[in-house]
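Student: I would like to learn how to read the packing of helices and strands. Could you take me through it with an example?

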Amino acid sequence: MASEEPTNPETSDKPAPLQVLYCAVCTLPPEYCEFGSSLTRCKEWLQTEHPDLYDKYYSEDALHAKIGTLSLEAQFKLEKDVAKAEKKAKEKAGVAMKKKLESQVIIKKIERNKRKNITSIHGLEAFGVNLKEAAKYFGKRFATGSSVKKNPQGLDEIVIQGDVSDDIMKLIEDGTDILKDVPEDNVEQIEEKKKSSG
């Protein structure tokens, strides 16, 4: 047997794991931020958080080295495309916020028979509420049947057995659990009575 030196795991030839930095704005590595839709905000973040990397990727010398390989037309087109992508991302975020603010949550108490009611809620998905989880939560909270169904307009709504419309309104006002993101100004309560046949 040949004499072998015992191997120490600390001095073995295994490379150390590579630490990768990700941008807090677009979640890409900083060298790939230019392919995201928010390059300007990425540059601002990189300049404040990691100035050494900012100098490496976006200093005058680095930009001239990158652009030197492009023609003037390609350079102009690249700048135009980046500006267009940023504008589109900004508009998309604005439209999403506007849609959220304009959305209505309708809590409807529907009379089935003389003393039996159901409560239907629709519009919660606009505020990021998972309808299946909300239906399960309401079923446990009120000890009754609760499910997600399509309404006549083809939209998903939560149907709860019993008249719990006031209780749900109180949960929204208190900002309880899954309803914490629903503003009470966007909630409307409606009572729908069964038409009596004469």
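Student: At what angle do the axes of helix α5 and helix α6 cross?

Tutor: Two packed helices are described by the angle between their axes and the distance between the axes. Here the axes of α5 (residues 131–142) and α6 (residues 165–174) cross at roughly 115° and come within 12 Å, the axes being lines fitted to C-alpha atoms, for helices over the stretch in contact, with angles from 0 to 180 degrees between N-to-C directions. α5 and α6 are therefore roughly perpendicular (65 to 115 degrees) to each other. This is a predicted model, in which local features need pLDDT of at least 70 and side-chain atom pairs count only at pLDDT 80 or more, while totals for chains, interfaces and linings use all residues. Residues are numbered from 1 along each chain as its sequence is written, and side-chain values use heavy atoms, without hydrogens and water.

Student: Which residues of α5 and α6 meet?

Tutor: Tyr 137, Phe 138, Arg 141 and Phe 142 of α5 meet Asp 167, Ile 168 and Leu 171 of α6, where contact means heavy atoms within 4.5 Å.

Student: What is the strand order of the open sheet?

Tutor: Strands of a sheet pair through backbone hydrogen bonds, either parallel or antiparallel. This open sheet of 5 strands has mixed pairing and the order β3-β4-β2-β1-β5, two strands being paired if DSSP finds at least two bridges between them. β3 (146–150) and β5 (187–192) stand at the edges with a single partner strand each, so one side of each has no neighbour in the sheet. Strands β2 (residues 117–122) and β4 (residues 156–161) run antiparallel and are joined by 4 bridges; Thr 119 has Ile 160 in β4 as its bridge partner.

Notes
Helices (H or I, at least four residues) and strands (E, at least two) are DSSP runs, numbered from the N terminus. Angles under 35 degrees count as roughly parallel, over 145 as roughly antiparallel, 65 to 115 as roughly perpendicular and the rest as oblique.
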